[in-house]
Amino acid sequence: MPFREIFVYGADVEGVHLRFGPVARGGLRWSDRAEDYRTEVLGLVKAQQVKNAVIVPVGSKGGFYPKQLPTGGDREAFIHAGREAYKLFIGTMLSITDNLRGDDVIPPQNTVRHDGDDPYFVVAADKGTATFSDTANAISQDQGFWLDDAFASGGSAGYDHKKMGITAKGGWEAVKRHFREMNIDIQNEPFTVAGVGDMSGDVFGNGMLLSEKIKLVAAFDHRDIFIDPDPDCATSFAERKRLFELDRSSWQSYNKELMSQGGMIISRQEKSVTLTTEVAKLLGMDANNASPHQILTAILKAQVDLLWFGGIGTYIRDESESDADVGDRANDPIRVTAKQVGAKVIGEGANLGITQSARISYAQNGGRCNSDAIDNSAGVNSSDVEVNIKIALANAIRDDRLDLPKRNRLLSSMTNDVSKLVLRNNYLQTLAISLVQQQGVTAGGELARLMTILEGNGQLNRQVETLPDDVTLQERLASGNSLTRPEIGVLLSYAKIVLFDDVIDSSLPDEDYFKDTLVSYFPGKMLKTHEQDIMSHRLRREIISTLIVNDAINRGGPATIVQMQDKTGASPDDIVKAYILSRDGLFFDTIFNAIDGLDNKIDGALQNQLYGKTCDALIKTTGWALKTNAIHSDLSSSVPRLQSACEELSPKLGHYLPQFMQNHINQVQEQLIEQSVPKKLAKDIAELNIRTLIPEINQISALTQTSFDEASTAFFRVTEALIIGRLLNAADQVVVSDFYDKLALSRSLDEISQARRVLSTSALVKFRDSDNPVDAWQSENNLRIAQVQSQVNDLISSSDASVAKLTIAAGLITDLSRG
C-alpha cells in the first residue's frame, strides 16, 4: 500500500500521485491511458520503490491525463495543451502541500489536515515531461514553496541527464561488470552490440559512445532499422558521435558510405526489403526478402555480445507469458521470448525492455543481466543528489552568503564529482549481486528465510515481484541452482528498504561519528565554504541512514541482517553499528579499495573471490562485536580504540602464530601472487582470518590488563593446545545450504571462539604471577586438555568433517572452559 495518494480531477486534467513514504521521489508522466492511468502509476511506483533503494527518498510516481488536447496535426498546440494540463496538475498538488518557513511548518490555507506535517514533495521528469522541469520549478517559486528550484530536478539550473550521460553511464557500469567477470575488457577489446534506440536519444546515444571498441552491428527505433554487418570501431564511433551532436538525427542521417559491405538503413514503413548477403548472414535469415517486422525480430535474436536497451518498449517476454500479459501492444509483432535471445549480455539502460519473468529465464539459460531498476538507477540517483545539494545551499542563499548565479556556477563545476559519486553506487550494487550469485546454493537457505520473514511482516509479495515460492526454490537448490541475478537484485533492494526504516527509527544516525559519512555524500568542492550547511541539512539523518544501509547490505548481502538476528538476537540498528565498528576499526575499506584496483588486471572470478573472502571476514568480525557487547560505547571512541589495536597488533601477529597456521598463510599468499595479485594485497587476503582475531586479543588484553604481547601469546598458545586452528580449517571445508545446518555451524564456531577467549583470559588472570601463564594453566589441567586434544583430533582427522562433528568439538572445548 502506498503511504499517500493525491487524486486530481478537473475538466481539463485528471491525475494521481502515489508515494511510499514522507520523503519520496519519482517522475511525473504524461499518460495516454484515460481509463486506467491509476493502474499504470501504481505499477510504476512499485518499480520505483525498488529502484530508489540506493537513494535517500523512497519511491513515488505521478501521472496525469490531459482531457482537452486539440485534434489535428499541430504538434506545437498539442504540446502547449499538455504543458497547461501539467501546470494545473502540479499547481493543484502544491496547493494542498505543507510548506516550510525556516524550521516552521506552514499548512496550506483553508485546508483541513487529517495527517501530520508533510512538507517534502519533489517531482522528476518522465515520459512526455522531459522538458517540463523549469515549468514545474516556476510554479514552485511562484507559490513560494520551500524547495524552490529543487522541486523538480534536471531544469536549466540543475544536472541535465543527457549532457551528463548519467543514466547510460550507470547502466554501462553493470555492462562492464558482466564482461569483466567473463575476462573481457570492453573498453579495450572490440565487441558486438545490437540495440534499441537511435543516436539522438539520451540513453542509447550516450551508451553507444561509452567505449571506442563498440561494433554496433544493428539497432532500431520507431522510424528506422540500422544494420552494419562488420563495422570499423574507430570509423563507426566517430560517425555515431557526429549524429549524437546534431540537433536532430535519425538512422537515416548516418553516412552510408562509412558502413561496411552490405550495410543497410531501412525505413520501418517499407512492406518488404531485399536483404544483402552480409545482413542475411548476420541475422541468420535464409530468405532474401523480409518485412521490417521479421528483421526486427531477427535483430533481437542476433548472436551478439551485448543487447543494449535505450528506447521505449518491451521486446522480450518469457515463454509462460502472452503478449497481452506484457501490455505493450505496439511491439507485439516483433517481440521474442527469452530463450530466443542470442546476446551474451543484456544492458537495460531504458525501463521495461524485458519482463522480469523473461530476465529470470534468460539468466537461467546462461545469459547475463540484472534488471532495469539496477541498471538505470543512476538517473534517479543524480537527481536526488541535485535536490539535496540545493537544499543544503538554500541556507546560504537565505542568509545572503550565496546568490543564485554563484550557486548555479558551483552546481555546474561539481558535475563530474556528482557523476563519480553516483556511479560508485552502480559499481557497488552490481558487485553485491555478483557476490551473492557467487555463493550459489550455499546462499539459498538464507535467501529463502529472508523472503519468508519479509512475507510474514507484510513487506514482500513474492508473486508480484516474480520470486519463487519455497517449493520452487527447493527444487532449484536440489538441482544445483539458486536465485538468478534479477531475483537477487529485487531482494537486495528490499533488504535496503526494510533496513533503512529500522535505522532511521533508531538513534544510530545521530552519532557524531557519522559527520564524515554525511560529508562523503556531497562533492568535495562544497566543503570549503558550505560544510556547516551540510551539517545542518534537513535530511541529515536520512542521508546518513541511506549511506550506511547501502554499504552494509552491499558488503554483507541481502540476508545479512536476518542472519545476524538469528545468530545473536540483536536489533537491526545494532547490527549496522557493529558492522561499522568492524569495517572502520580493522580498515577493511583499504582492502576493498585495493581489490577494486584490480579491474581487468586479474581473472574476474578470482577478483570476486577476493571480495567474497574479505566480506566474510568483515561479517565474522561484526558477529564478534555483537556477541561481546563491543558496540555499547559510541563509535567515536570505540573505532579509534580498535584501529590503534589493529595498527599495533597487525605487524606482530605472525610471530605468535603456530607454525602450521603461518605455513598456511604463506601458501595462500604465494598462490595469490602467482595469479597476479599484488604482494601487499595477497598478504592482507591471506591474513584475513588473523585480522578477525585482533578484536578478541584486544579484548583479552583489556580484560586482563596485560600487554598485547602477553595477550597474543596466551591466545595462540591456547589455540595450539586445543587444535583450534585445524578445527577452524576443517569448518571452512564444510559446505552447507540448509538454513538450520548453517545456523548450527555458525553457533558452534561462536562457542569455540567464546571458549578460547575464556580460557585465555582465565590463564592470564589466575596465573598472573607466573612467567608463562599458559604453561601453568596446561600443567594444572593436563589430563583434561589431553582428553580434549585426542577427541577433537579424532573428529577432524578424517576428510569428511561435518556440522555434527564440529558441534561435538565445540561442546568439548566449551566444557573445558567451564572448568
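Predicted model: local features only at pLDDT ≥ 70, side-chain atom pairs only at ≥ 80, totals over all residues.
A residue counts as exposed when its relative accessible area is over 50%, as buried when that area is under 20%, and as partly exposed in between. With a relative accessible area of 70%, Asp400 is therefore exposed.

**Two aspartates with positive phi**

Asp400 is placed in the loop between α13 and α14, the latter spanning 404-413, and its phi is positive, at about 60°, although Asp400 is not a glycine. Asp148 also has a positive phi, in this case of about 50°, and is likewise not a glycine. The loop that holds Asp148 runs between α3 (133-142) and α4 (161-164). Is Asp148 buried, partly exposed or exposed? Its relative accessible area is 29%, so Asp148 is classed as partly exposed.

Thr314 belongs to the loop between β14 (306-309) and β15 (316-317), and because its relative accessibility is 9%, Thr314 counts as buried. Once residues up to four places away in sequence are set aside, Thr314 touches Val326, Asp328, Asn331, Arg335, Leu352, Gly353, Ile354 and Thr355.

Ser357 sits in helix α11, which covers residues 356-364. A relative accessible area of 19% falls under the 20% limit, so Ser357 is buried. Apart from neighbours within four places in sequence, the contacts of Ser357 are with Asp318, Glu321 and Thr466.

Arg449 is found in helix α16, made of residues 444-456, and at 26% relative accessibility Arg449 counts as partly exposed. Which residues does Arg449 contact, leaving aside its neighbours within four places in sequence? They are Val562, Asp566 and Phe739. As for Asp470, which is 21 residues away from Arg449 along the chain, the C-alpha atoms of the two are separated by 9.4 Å.

**Pairs of helices**

| Helix pair | Axis separation | Angle |
|---|---|---|
| α13 (378-398) and α15 (415-439) | 9 Å | about 135° |
| α2 (75-94) and α3 | within 10 Å | roughly 40° |
| α26 (635-649) and α30 (694-704) | within 10 Å | roughly 105° |

For α13 and α15, which pack at an angle of about 135°, the two helices are therefore oblique to each other, and α13 passes α15 in a right-handed crossing. On the α13 side the contact is made by Ala378, Asn381, Ser382, Val385 and Ile389, and on the α15 side by Val418, Val422, Leu423, Asn425 and Asn426.

The crossing in which α2 passes α3 is also right-handed. Here Arg83, Tyr86, Lys87, Ile90, Gly91 and Leu94 of α2 make the contact with Thr135, Ala136, Ile139 and Ser140 of α3.

The axes of α26 and α30 cross at roughly 105°, which makes α26 roughly perpendicular to α30. Where these helices meet, α26 contributes Leu642, Ala645, Cys646 and Leu649, while α30 contributes Ile694, Pro695, Ile697 and Asn698.

**Cysteines**

How many disulfides does a search of the whole structure find? The search finds 0 disulfides. For Cys615, the closest cysteine sulfur is that of Cys646, and because the two sulfurs are 17 Å apart, they are too far from each other for a bond; a disulfide would need the sulfur atoms to be within 2.5 Å.

How values were computed. Residues numbered from 1 in each chain as written. Heavy atoms only, no water. Helix = DSSP H or I, 4+ residues; strand = E, 2+ residues; numbered from the N terminus. Buried < 20%, exposed > 50% of the residue type's maximum accessible area, 1.4 Å probe, protein only. Contact = heavy atoms within 4.5 Å. Axes fitted to C-alpha atoms, helices over the stretch in contact; angles between N-to-C directions. Parallel < 35°, antiparallel > 145°, perpendicular 65-115°, else oblique. Left-handed = near helix turned anticlockwise from the far one by under 90°.
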